[in-house]
Amino acid sequence: QVQLVESGGGLVQAGGSLTLSCAASGSFFSINAMGWYRQAPGKQRELVATIVSAGSTNYAESVKGRFTISRDNAKNMAYLQMNSLKPEDTAVYFCKAVALLTFPRVLRDYWGQGTQVTVSS
């Protein structure tokens, strides 16, 4: 199984920056992809950014040019650098990992518990 622990959330003023971290641990063969999703009050969870093990990334249109996702494959960690934050970025941010398990050799999705990001105007 895989455990994900996020850190780095907090309160920041509009225009500020935050960096979120996600650490994956447990028993798995590899982490194929990692991503960040967010859920604002009263809204559905939405994709923010994803990154695969080879380094290709994908971003929501709303964060392109402001957020950068990266990962350290050796440490099984993912990061989300968030710049030029806006009040509409306020949400709980969740880390997701797609892990290839050792046995059975299957892909499974895992989620972290979430970290709150609040951007004040």
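In the predicted model, four strands form an open sheet in the order 1-3-8-7, with antiparallel pairing. Strand 1 and strand 7 lie at the edges of this sheet, each pairing on one side only. From one strand to the next, the twist averages 15°. Strands of a sheet pair through backbone hydrogen bonds, in either a parallel or an antiparallel manner.

Strand 8 is joined to strand 3 by six bridges, and the two run antiparallel. Within this pairing, Leu20 has Leu80 of strand 8 as its bridge partner. Strand 8 is likewise connected to strand 7 by six bridges, again in an antiparallel arrangement. Strand 7 and strand 8 together form a hairpin with four residues between them. In the turn of this hairpin, Asn76 has a positive phi of about 55°.

The largest nonpolar core comprises 33 residues, of which Met34, Trp36, Leu80, Met82 and Tyr93 touch the most other members. Two or more residues are contributed to this core by each of strand 1 (2-7), strand 3 (18-26), strand 4 (30-39), strand 5 (46-52), strand 7 (67-72), strand 8 (77-82), strand 9 (91-100) and strand 11. The greatest contribution comes from strand 9, which gives five residues. The surroundings of Met82 can be described individually. Apart from neighbours within four places in sequence, Met82 is in contact with Gly16, Ser17, Leu18, Leu20, Arg66, Phe67, Tyr93 and Val117.

The structure holds one disulfide. A disulfide is a covalent bond between the sulfur atoms of two cysteines. The bond is formed by Cys22 and Cys95, with their sulfur atoms 2.0 Å apart. The pair links distant parts of the chain, since Cys22 lies in strand 3 and Cys95 in strand 9, 73 residues apart. The link is left-handed, with -80° about the S-S bond. Cys22 is buried, its relative accessible area being 0%. Cys95 also counts as buried, because its relative accessibility is 0%.

Thr115 belongs to strand 11, which spans residues 115-120. This residue counts as buried because its relative accessibility is 12%, below the 20% limit used for burial. When residues up to four places away in sequence are not counted, Thr115 touches Glu6, Gly9, Leu20, Ala91, Val92 and Tyr93. A polar atom of the Thr115 side chain lies 3.3 Å from the backbone nitrogen of Gly9.

Asn58 is placed in strand 6, which covers residues 57-59. Asn58 is partly exposed, because its relative accessible area is 40%, a value between the limits of 20% and 50%. With residues up to four places away in sequence not counted, Asn58 touches Leu47, Val48, Ala49 and Thr50. Asn58 and Val48 are 10 residues apart along the chain, and their C-alpha atoms are separated by 8.3 Å.

Methods
Residues are numbered from 1 along each chain as its sequence is written. This is a predicted model: local features need pLDDT of at least 70, side-chain atom pairs count only at pLDDT 80 or more; totals for chains, interfaces and linings use all residues. Side-chain values use heavy atoms; hydrogens and water are left out. Buried means under 20% relative accessible area, exposed over 50%, partly exposed in between (1.4 Å probe, protein chains only). A polar contact is a pair of N or O atoms within 3.5 Å; within protein, one must be able to donate a hydrogen and the other to accept it, and residues adjacent in sequence count only if both atoms are side-chain atoms. Contact means heavy atoms within 4.5 Å. A nonpolar core is a set of buried Ala, Val, Leu, Ile, Met, Phe, Trp, Tyr and Cys residues joined through side-chain atoms within 4.5 Å. A disulfide is a pair of cysteine sulfur atoms within 2.5 Å. Two strands pair if DSSP finds at least two bridges between them. Axes are lines fitted to C-alpha atoms, for helices over the stretch in contact, and angles run from 0 to 180 degrees between N-to-C directions.
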